[in-house]
Amino acid sequence: MADLRCKIGGVSAPNPFWLASAPPTDKEYNVVRAFKAGWGGVVWKTLGEDPPVVNVTSRYGAIRHQGQRMAGFNNIELITDRPLEVNLREIKQVKRDWPDRALVVSLMVPCQEEPWRKILAAVEDTNADGVELNFGCPHGMSERGMGSAVGQVPEYIEMVTRWCKQHTNMPVFVKLTPNVTSILGPAHAAVAGGGDAVSLINTINSITNVNLDAMAPEPMVNGKGAHGGYCGPAVKPIAMHMVAEIARDPECRDIPISGIGGISNWRDAAEFIALGAGSVQVCTAAMHYGFRIVDDMIEGLSNWMDSKGYRTIADFRGAATRNYVDWGALDINYELVAKIDQAACIKCGLCHIACEDTSHQAIAATRDNGDRHYEVIDAECVGCNLCMHVCPVEDCITMEPVDNNKPYVVWGDDPRNPASVQDRQ
Amino acid sequence: MAHDTNHGDSGPDIAFGRLDPADYADNFADAKPPLDRPQALVEASRCHFCYDAPCVEACPTGIDIPAFIAKIASENLKGSALEILNANILGGMCARVCPTEILCEQACVRTAQENKPVKIGLLQRHATDWLFDAAIQPFSRAPASGKTVAVVGAGPAGLSCAHRLATLGHDVVVYEAREKNGGLNEYGIAAYKVPDDFAQRELDFILAVGGIEIRNGQQLGRDITLTKLRDRYDAVFLGVGLAAVRSLANEGAELAGVHPAVDYIATLRQSPDLATLPVGRNVVVIGGGNTAIDIAVQSKRLGAETVSLVYRRGPDHMSATGHEQEFAQINGVTIIHWAQPASLAGAPNGAAGNAAHVRSISFERTALGADGRLAGTGEQFTLAADMVFTAIGQVFLPDPLHADSASPIELQDGAIVVDDDRRTSLPDVFAGGDCVPGIDLTVQAVEDGKRAAIAIDRRLRGTA
């Protein structure tokens, strides 16, 4: 059985599955239920200065896709709306009762040194394992100069991170907002400020739905809607790109990454870890199905690691990062053609119409004694994969490499490139 | 409590009210309940939206099935219903009665993929029900052509033809022999397939487009003749169905208690209170088609204790689909294959001294001989029977067509000969439905009526 223990930014946990700072980690009751279910750690829902914030109703919007509920999810909830003292007391108790689990406390106070110094001292007293600086929340708090309003300015990230490192010995996680043009600016700032780890992504600015009767965005608050923070399965590709950008960037100096964004199962987690994450944080999937989902996450990841011969998380962490390259490093000579398994084909015609209407007219539709027949025209096929993606039958369309005896050549070296070295010679 | 309709000691056990009153409502409620909105959305999402979809080809009316399902998925239900009704104006009825398992759902690529087709019939019902419930009339009529067409028979073929002609701008007069309209939709389909008076609701929807006048109690050959119709109207469409039933020729076939299934189903469909409808304790049904299944299941659901459906060949030879056979068996009907009626035995019918009433029926087992022909084996068995229903086929009655005709219409093998346009041997007379060759399904009748209407329109406009 694989060893799932993880240590990230100086914080240890029995497994890499943590709950992200969000409603599921707002109070002792929920967190204890999560730990009982097996979660390796939690990031306690963001604490702020007293008096606590006041939340509105409703707070959530959701995207359904073809019967799948909450394929995308958005919220307009603010940070914890409970008094600071209550949260601190509960955090202390939970840490005392669950010493082996990671308990990191998310924080958000105004962009001044004193409030940060004060709250860090208060958190230190709870014996929590670390703090996470909430520079990501894109709604509500950002209008008050906090959350993503800080995360979008690298100088502020660096400044606040440095204050925190000066005023506490606890590990400092810096949580980044994806609402930027490049994630590397904020990541570099977190590194420069001395952060022990980065957590990403926070939620994405979004309007999930417009109610066409009320003519207002949802979730509606008495006829009006504000933009919210988008998360859930739909954001996973965006999150993975940002994680990978940081993981491979030399200036980020291998800062540990806690990966967040649409992680719903062990496979999602394995993908984030393969791209460089040291732990993962989950929210929407738990809010959809409850804490019990961690059981399959732990077991599934462990079984998969066993099947691959990985003993520890470190054995495969970042294993895909080295294969994440710029387009210009891809082999321009590599060729694939689509192949249809005629025995598996159910004659839906989707490959044909997709290729015919929108691509390269490389799949012929014919009738063979009245039966529909779809056949790839190899000479026309550019190997784009579209047909494979639209085919509803698993493994019916596969992409077969063409043995063209050509060497690995990148565009920069390709003679067809007007700016290539060979051409200039 | 059962109410006996006779009190003779040795008489047949035929009674009404065999069930608790509430059971009648349950037994004749929707046998296949509709999808609710979430179910419909999930089911619609299962459609692959095939290109050149096999299901469309399998639909006699050529409904663009992927298109109407995609419109359900996008919650464009009006568009979805129109997609259906433009191809098949009786799309609501067909959604309920089509043997989809041998048509669109058999062709569905998900049948090949996972033996679990998209529930096309139920989705079609979802869309059409929405339109009927919304009380939207999406059809309008083209400018009046000044032409009038006679339609004989207000069944599926006639109504389909009449509606299409009306939308194309022609006036239509429908001659219907029976008191109510709808043909087999109203008189012939099992009650639990069309609860809540759906046939009449659909009829009202069809007639609401305007331009269609129905004259009831007008029977071809008795009240009207084809020659007169041809004189009086610009074209004629015959959707007269099959007016006669085949009957048994065995000894005892004339006994009381032996009924053509179609007659009893019509009685059942018109019965305002099923608790007053008598049914035998032991019922025997002879036949292998959907009518046989319908009468067998309805007898069981009326409270018959045993219902045996006897067919002279094997399960694969039955024209009732495997799905229908299974439905009958689930309902407690015993299906006996490879046996043909030999004789029926009766007993005096109670104190009134009426004609002898059937009490049992004997069958001879059958087998296919070396020559491939069906033959009796000589082995016999007997079933107790208080009622015997025959569902051994309906036949076309040609006589009414020829009541006063100098130029007889061409017939072949007991059906009216038509071309692809459903034109008969007479240039201004078209026909469709069960009285022409082809599969005897509602959906085919609708297609016949539609094609005939389009051809009639071309003829009346002089473009054909």
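**Figure 1. Helix H9(A) at the lining of the largest cavity.** Helix H9(A) contributes 3 residues to the lining of the largest cavity, the most of any element. The model shown here and in the following views is predicted. Besides helix H9 (284–289), the elements of chain A that each supply at least two lining residues are strand E4 (41–47), strand E6 (68–75), strand E14 (228–231) and strand E16 (279–282).

**Figure 2. Centre of the largest cavity.** The volume of the largest cavity is about 450 Å³. The lining comprises 36 residues, and A:Ser21, A:Ala22, A:Asn75, A:Asn202 and A:Thr203 are the closest to the centre. By class, 20 nonpolar, 13 polar and 3 charged residues form this lining. The structure contains 7 cavities of 30 Å³ or more.

**Figure 3. Contact between chain B and chain A.** Chain B provides 13 residues to the contact and chain A provides 14 residues. About 1100 Å² is buried between the two chains, with carbon and sulfur atoms giving 55% of this area. On the chain B side, B:His48, B:Tyr51 and B:Gln113 lose the most area to chain A, together accounting for 42% of what that side buries.

**Figure 4. Polar features and elements of the interface.** A salt bridge joins A:Arg372 to B:Asp52, with the closest N and O atoms 3.5 Å apart. In total, 4 salt bridges are found across the interface of chain B and chain A, and 6 residue pairs are in polar contact. Helix H2 (37–45), helix H3 (54–58) and helix H8 (109–114) of chain B each give two or more residues to the side that touches chain A. H8(B) supplies the largest share, 3 residues. That side of chain B has 8 nonpolar, 3 polar and 2 charged residues.

Methods
Residues are numbered from 1 along each chain as its sequence is written. Chains are lettered from A and ligands numbered from 1 in the order in which they are written. This is a predicted model: local features need pLDDT of at least 70, side-chain atom pairs count only at pLDDT 80 or more; totals for chains, interfaces and linings use all residues. Side-chain values use heavy atoms; hydrogens and water are left out. Contact means heavy atoms within 4.5 Å. Buried area is the accessible area (1.4 Å probe) that two parts lose on being put together, summed over both. A salt bridge is a side-chain nitrogen of Lys or Arg within 4 Å of a carboxyl oxygen of Asp or Glu. A polar contact is a pair of N or O atoms within 3.5 Å; within protein, one must be able to donate a hydrogen and the other to accept it, and residues adjacent in sequence count only if both atoms are side-chain atoms. Helices (H or I, at least four residues) and strands (E, at least two) are DSSP runs, numbered from the N terminus. Ala, Val, Leu, Ile, Met, Phe, Trp, Tyr, Cys and Pro count as nonpolar, Asp, Glu, Lys and Arg as charged, and the others, Gly among them, as polar. On a 1 Å grid over the protein atoms alone, a cavity is a set of points where a 1.4 Å probe fits but cannot get out, and a pocket is an open set with protein on both sides within 12 Å along at least five of seven lines; lining residues have an atom within 4 Å of a point. Grid points are joined across faces, edges and corners, and a volume is the space filled by probe spheres set on the points.
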